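My notes follow in the order I made them.

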Amino acid sequence: MLSEYEWQAIILSLKVSSVAVLVSLPLGILMAWILVRCHFPGKTLLDSLIHLPLVLPPVVVGYLLLLSFGRHGVIGAWLYHWFGFSFTFSWRGAALASAIIAFPLMVRSIRLALEGVDQRLEQAARTLGANPWRVFFTITLPLIVPGIIVGMVLAFARSLGEFGATITFVSNIPGETRTIPLAMYTLIETPGAEMAAARLCIIAIILALLSLLLSEWLTRCGRKRLGAIC
């Protein structure tokens, strides 16, 4: 039987991960489209910056977020002064940290799907008089939906496991920023809480495994969809 403490961490993790994925999705689609369809100086640098969170230590990402979006940060001070809005010590900050850490996985999946789209279909639609927006929403977007879903699932799974950037940026506050990884860290440091930590560990493994299985299934369906119905 899970305790209130454990349920709190699980629900908060699901909330933070869901918000992180949904908020970053439009930007992920845009960045993938720019990397695939646009040619400009600095494209390689943009690609490197997008994928930087994959290779940087999460603590470094959290520290950079603190400098940028903290109460006295470059962007954070402005947000707090004009809107009274703050990311620090809040689940919103945890969602921001998770979104940035998981963003490269989302962009990569969408980018691979976009690269597989036959551009002759888009060219034919433009020849018939369709404007670029209509071509994108009626042809390109439906074809890359499997890749978008896979990217969302992978980003969600990565967000569930985010620890370093979160604890550095928004600390470890019960009920506010203490997600499953932070709750496990707290339990491991607490004498006599080994069983609770083990339960959360098992739950984290199950959630991650389900996400990966769903991602693999959706990938197979996406491949079949290119030539047949999934």
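**Entry 1: Ser86.** I found Ser86 in the loop between α4 (76-83) and α5 (91-115). Helices here are DSSP runs of H or I with at least four residues, strands are runs of E with at least two, and both are numbered from the N terminus. The model is predicted, so local features need pLDDT of at least 70 and side-chain atom pairs count only at pLDDT 80 or more, while totals for chains, interfaces and linings use all residues. Residues are numbered from 1 along each chain as its sequence is written, and side-chain values use heavy atoms, with hydrogens and water left out.

Is Ser86 buried or exposed? Ser86 counts as buried because its relative accessibility is 11%; buried means under 20% relative accessible area, exposed over 50%, and partly exposed in between (1.4 Å probe, protein chains only).

I then listed its partners. The side chain of Ser86 makes a polar contact of 2.8 Å with that of Thr88 and one of 3.3 Å with that of Arg71. A polar contact is a pair of N or O atoms within 3.5 Å; within protein, one must be able to donate a hydrogen and the other to accept it, and residues adjacent in sequence count only if both atoms are side-chain atoms. With neighbours within four places in sequence left aside, Ser86 is in contact (heavy atoms within 4.5 Å) with Arg71, Tyr80 and Arg92.

**Entry 2: α9.** I checked how enclosed this helix is. Helix α9 (residues 180-188) is largely enclosed by the rest of the structure, because seven of its nine residues are buried. The buried ones are Ile180, Pro181, Leu182, Ala183, Met184, Thr186 and Leu187.

**Entry 3: the largest pocket.** I noted that 24 residues line the largest pocket, and that Leu65, Phe69, Leu96, Ala99 and Ile100 lie nearest its centre. Two or more lining residues come from each of α1 (4-37), α2 (43-55), α3 (58-69) and α5. Helix α5 gives the most, with seven residues.

On a 1 Å grid over the protein atoms alone, a pocket is an open set of points where a 1.4 Å probe fits, with protein on both sides within 12 Å along at least five of seven lines; lining residues have an atom within 4 Å of a point.

**Entry 4: the whole chain.** I counted 10 helices and zero strands. The C-alpha trace spans about 70 × 45 × 30 Å along its principal axes. Of the 230 residues in the chain, 43% are buried.
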